[in-house]
Amino acid sequence: GEDGAGNKIPSPSDSAGAGAAQGGSQKMKLPPISLNDPPLELDKDGKRIISLEALRREIWLHHGQIRSKRLMKIFSISNKTSKEKKNAFREYVKELCTMRTDSVEGNMLVLKQHYSNMG
């Protein structure tokens with residue numbers, strides 16, 4: 001939490017979690033998501049640029065979970081998409097998400113906890 005002056009107030013979980021979060025992990029460290037980020041990045045064909053940060057933000061904006069078909073539609077991934085672009089998309093999704101089967105929605109991509117925190 002913070003006090004009125006914007007100073008961080010340590011909580012009991014801060015001291016316990018700090019050591020575990022620092023523990024030699026090789027995961028990529030991404031900055032927190034901000035709603036003030038610049039708008040969508042598009043390539044020369046007007047399609048979304050696929051990056052770890054763009055995928056992370058899109059899934060986060062869908063409350064941390066999204067159907068894989070919907071995510072592929074947002075980033076214009078189809079059978080006609082180049083193999084390089086598909087493979088990059090697939091690798092980023094594997095890094096960011098876990099697959100969960102929902103009885104109503106079907107297969108959902110769920111943002112991993114360390115990618116879903118806002119700051």
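This is a predicted model: local features need pLDDT of at least 70, side-chain atom pairs count only at pLDDT 80 or more; totals for chains, interfaces and linings use all residues.
Let's start in strand β1, which covers residues 65-67 and includes Gln65. With a relative accessible area of 30%, Gln65 is partly exposed, because that label covers values between 20% and 50%.

Which residues does Gln65 touch, leaving aside those up to four places away in sequence? The list is Ile59, Arg100, Met108, Leu109 and Val110.

Gln65 and Ser116 sit 51 residues apart in sequence, and their C-alpha atoms are 10.0 Å apart in space.

## Two residues with positive phi

A quick bit of background: most residues other than glycine have a negative phi. Now for a pair that goes the other way. His63 isn't a glycine, yet its phi is positive, at about 60°. Ser76 is also a residue other than glycine, and its phi is positive as well, near 55°.

Where do they sit? His63 is in the loop between α2 (52-61) and β1. Ser76 belongs to the loop between α3 (68-74) and α4 (83-96).

## Exposed or partly exposed?

His63 has a relative accessibility of 76%, so it counts as exposed, the cut-off being over 50%. Ser76, at 28% relative accessibility, counts as partly exposed.

Methods: Residues are numbered from 1 along each chain as its sequence is written. Side-chain values use heavy atoms; hydrogens and water are left out. Helices (H or I, at least four residues) and strands (E, at least two) are DSSP runs, numbered from the N terminus. Buried means under 20% relative accessible area, exposed over 50%, partly exposed in between (1.4 Å probe, protein chains only). Contact means heavy atoms within 4.5 Å.
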